[in-house]
Amino acid sequence: MEILEKRIRQDGELLPGNVLKVNSFLNHQIDPDLMFAIGQEFGKLFNGEKITKILTCEASGIAPALTTGLIFHVPVVFARKSKPSTLNKECYETEVFSYTKQVTNKINVDKKFLSKDDSVLIIDDFLANGEAVKGLINIAKQANSKVAGVGIVIEKTFQGGSKWIIDNGYHLESLARIANFDNNTVHFVGEE
């Protein structure tokens, strides 16, 4: 997605440990026009799928998930990283390791929001090692929901998370695919 790659080059900041900081448009401050374009692109890429819910993880996955939900006219469900006192014991729960923060979080979804009748599209901001996506797939499986596909805003292909997703038969679409950060520069897949 050309507009996304342009924003990554323009506003992204490379940090030690293969971390790409995109706080100015995705992870702290959100560019609503870009998010809407992202939702439209996911709408095109998953057009043939029957989708009843969008599933993501808080917090940075919510913006692209919401605009994708607008395109499909379906609810957006997000897994919480902490269990609020208002969430009863009836929830799906799994552990997810965060590559960026180097911590393991328990994520959970109230059981009333996912069921065997749902076909979910998982949307997330980043794909590195694939731990968040694996956790969301685990939650969908606990609910006996079908996973219609996985949409990623920015994929770091060199970290291998996509291999597990594809090897396990899931339809994966990534809007910006980063090949490497050689010479402290973002290089996208397919660039000469």
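Modeller: Burial is judged here by relative accessible area, where under 20% means buried, over 50% means exposed and anything in between means partly exposed (1.4 Å probe, protein chains only). This is a predicted model, in which local features need pLDDT of at least 70 and side-chain atom pairs count only at pLDDT 80 or more, while totals for chains, interfaces and linings use all residues. Residues are numbered from 1 along each chain as its sequence is written, and side-chain values use heavy atoms, with hydrogens and water left out.

Colleague: What makes Arg177 and Glu155 a salt bridge?

Modeller: A salt bridge needs a side-chain nitrogen of Lys or Arg within 4 Å of a carboxyl oxygen of Asp or Glu. The closest N and O atoms of Glu155 and Arg177 are 3.4 Å apart, and the pair forms a salt bridge. Since Glu155 belongs to strand β8 and Arg177 to strand β9, parts that are 22 residues apart in sequence are tied together by this pair. Strands are DSSP runs of E with at least two residues, helices are runs of H or I with at least four, and both are numbered from the N terminus. Glu155, at 2% relative accessibility, counts as buried.

Colleague: How do you know that Asp167 and Lys163 form a salt bridge, and where do they lie?

Modeller: Their closest N and O atoms are 2.5 Å apart, and the pair forms a salt bridge. Both residues lie in helix α6, four residues apart, or about one turn of the helix. Asp167, at 52% relative accessibility, counts as exposed, as does Lys163 at 55%.

Colleague: Which pair links Asp118 to a distant part of the chain?

Modeller: Asp118 forms a salt bridge with Lys53, with 3.2 Å between the closest N and O atoms. Asp118 is in the loop between β6 (103-110) and β7 (119-127), whereas Lys53 is in strand β3 (residues 53-57), 65 residues apart. Both partners are buried.

Colleague: Why is the pair of Phe42 and Phe46 called tilted?

Modeller: Rings of Phe, Tyr and Trp (its six-membered ring) pair if their centres lie within 6.5 Å, and planes under 30 degrees apart count as stacked, over 60 as edge-to-face and the rest as tilted. The structure has three aromatic pairs by this rule. The ring centres of Phe42 and Phe46 are 6.4 Å apart and their planes stand at 45°, so the pair is tilted. Phe158 and Phe181, by contrast, form an edge-to-face pair, with 5.4 Å from centre to centre and 75° between the planes.
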